[in-house]
Amino acid sequence: MNFFEKLQALDRRWIYLLVALAITIPLVVVFDSKTYTTTPTENIYQLIDSYAGRDDRAIMIDFMHDASTMSELFPMEVAILRHAFQRKVKVFTICFLETAAPLVDYAINTVKEEFPDIQSGVDYINIGYKPGALYLPIVLGMGDDISEAVKTDAEGRQLANLPMMEKIKNYNEMNLVIETSGSGFGASWFVYARPRFGVNVAAGITAVMAADAYPYIQTGQLVGILAGLKGAAEYEKLVDLFAIHDKPFSREIARTTHVSITDDTVPYKFKAARIGMNAQTVVHILIILFIVIGNIGYFIERRRNKELN
Amino acid sequence: MLENISNLVAAFLTLSIFSFLWKDNPFYRFAEHLLVGVSMGYAIPLVYKNVFIPFLYTPIFLQRQYALIFPAILGTFFIFRFNRKLAWLSRYPIVFSMGIIGMGVPLSMHASVLVQMRSAMLPIMDINSFIIFIGTITILLYFFFSKSHEGVYGKFTKIGIWYMMIGFGASFGYTVMARLSLLIGRIQFLVHDFLKLI
């Protein structure tokens, strides 16, 4: 039995072990790797940043996932909230899945630890869980009046009485909805809300769905997408590069400047996606090697079988 | 202290699920069943508090909106799915659900078909739009089955197949990335939150 034949008969658990090591070692021994930002991510950042410091503009994050896709989507939510809180952008959060409700609280609290001045009802409103059956009435109703479409927030307070609502009425002010989703990509928002009210829609999605979402960027139905852990890593970098230093966004600087993740000035939770991408890079190289070796073995075996026949 | 206990439980359940990679075992099955039970146990009181109380109990019993009794009764018909003789009653609430789907058809047509078509009909100004143009035409030709895929026509459909293969490859690549991301997330939890190695 030669080397390639042995590989063909290798117990799959050795491969699991190698993959586990290829992921664990880069996570424990953190190294600097470059994160290249892409246009769909930059577009979302740029639009949110344009609302900085304005009381008459807001964004909404729709948490459309449960804990199963948290690894990819949670770092995005944290990065967007960090950007918004740092740049004083008003934020609404909402979810239509029961199991997403604690994730909304978790994301807000994770970021709020670093921003003690941020106040609920003033800087952000967590609408919380609303039943899925009310999805359509809420999406359409917000086009007229947000505080009528969802009367109370997660704490049971009347939305209309909250200070943040003074200058925010409908999609004219809350002009960007970001759906972070493990199963769709903002489809309901750009199917129902965008054609009727002109609201901008963006999507934070798992990598599985990214290829399907790109046609909607080309048509302008989606402002941009954050695709999987890579999208989250890109957004984290943009926040560290510009928002934290209150600098204006520049596409050229974003693409040419490297932000280190090995220093301790940035808390782990704000660079989790970039550290995760280190592991992603190493394991991708390993998988490419597996594919190459597997194919070489396959062709060698096929040629030998031909010769024998 | 509380966080340490919750991390310990989460780490135990994570490792229990991972143990399936070795072989099926009682730890894996325990964690799997616990997940289903906890999800349901969490959802039921949340739905009771956020749906039943504000949208049914309060309007009917406190605000005396008795008209809501009819949709409430209609909703309970779903439960007849489990009774062979009365299962037909469950079709009535389904009809209303389908009505909502029907309402979305025109807007979905607009967003998913018409806007995409319009975008595919723009003048070819750069290399990207040229690539999209060729891809759209050749894939549409591939799915035209009334003519055999031979000769010049067959060459065009072959280009369509290549486009689709590249598309499937991109989707598969993204899928691998997504699945690995999930594993990375769990291992990040183990090494950072639980073992505190970083």
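**Figure 1. Domains of chain B.** Chain B is divided into domain 1 (1-64) and domain 2 (126-188), the bounds coming from an automatic or database domain assignment. Taken over C-alpha atoms, the centres of domain 1 of chain B and domain 2 of chain B are separated by 39 Å. The structure is a predicted model, in which local features need pLDDT of at least 70 and side-chain atom pairs count only at pLDDT 80 or more, while totals for chains, interfaces and linings use all residues. Residues are numbered from 1 along each chain as its sequence is written, and chains are lettered from A and ligands numbered from 1 in the order in which they are written.

**Figure 2. Chain A as a whole.** The secondary structure of chain A comes to twelve helices and six strands; helices (H or I, at least four residues) and strands (E, at least two) are DSSP runs, numbered from the N terminus. Along the principal axes, the C-alpha atoms of chain A fill a box of roughly 80 × 45 × 35 Å. Of the 309 residues in chain A, 46% are buried, a residue being buried if 20 or more other C-beta atoms, placed from the backbone, lie within 10 Å of its own.

**Figure 3. Domains of chain A.** The domain assignment of chain A gives domain 1 (3-31 + 273-308) and domain 2 (39-257). The centres of these two domains of chain A, taken over C-alpha atoms, are separated by 38 Å. Five residues of domain 1 of chain A are in contact with seven residues of domain 2 of chain A; two residues are in contact if their C-beta atoms, placed from the backbone, lie within 7 Å. The side of domain 1 of chain A that touches domain 2 of chain A has two nonpolar, two polar and one charged residues. In this classification, Ala, Val, Leu, Ile, Met, Phe, Trp, Tyr, Cys and Pro count as nonpolar, Asp, Glu, Lys and Arg as charged, and the others, Gly among them, as polar.

**Figure 4. The sheet of chain A.** Six strands of chain A form an open sheet in the order E3-E2-E1-E4-E5-E6, with parallel pairing; two strands pair if DSSP finds at least two bridges between them. Strand E3 (124-129) and strand E6 (225-227) of chain A stand at the edges with a single partner strand each, so one side of each is left without a neighbour in the sheet. On average, neighbouring strands of this sheet are turned by 15° against each other, direction ignored, with axes being lines fitted to C-alpha atoms, for helices over the stretch in contact, and angles running from 0 to 180 degrees between N-to-C directions. Helix H5 (residues 101-112) of chain A packs on the sheet, touching strand E1 (58-64), strand E2 (90-95) and E3 of chain A, and the direction of H5 makes about 160° with that of E3(A).

**Figure 5. Strand E4 of chain A and its partners.** Eight of the eight residues of E4(A) are buried. E4(A) pairs with E1(A) in the parallel sense over seven bridges, and Ala58(A) has Met174(A) in E4(A) as its bridge partner. Six bridges join strand E4 (residues 174-181) of chain A to the parallel strand E5 (residues 200-205) of chain A. Glu179(A) has Ala203(A) in E5(A) as its bridge partner, and Thr180(A) has Gly204(A).

**Figure 6. The side of chain A that touches chain B.** 38 residues of chain A are in contact with 39 residues of chain B. The elements of chain A that give two or more residues to this side include helix H2 (12-28), helix H4 (70-86) and helix H12 (272-308). By class, this side of chain A has 25 nonpolar, ten polar and three charged residues.

Technical notes
A residue is buried if 20 or more other C-beta atoms lie within 10 Å of its own, exposed if 12 or fewer, and partly exposed in between; C-beta atoms are placed from the backbone.
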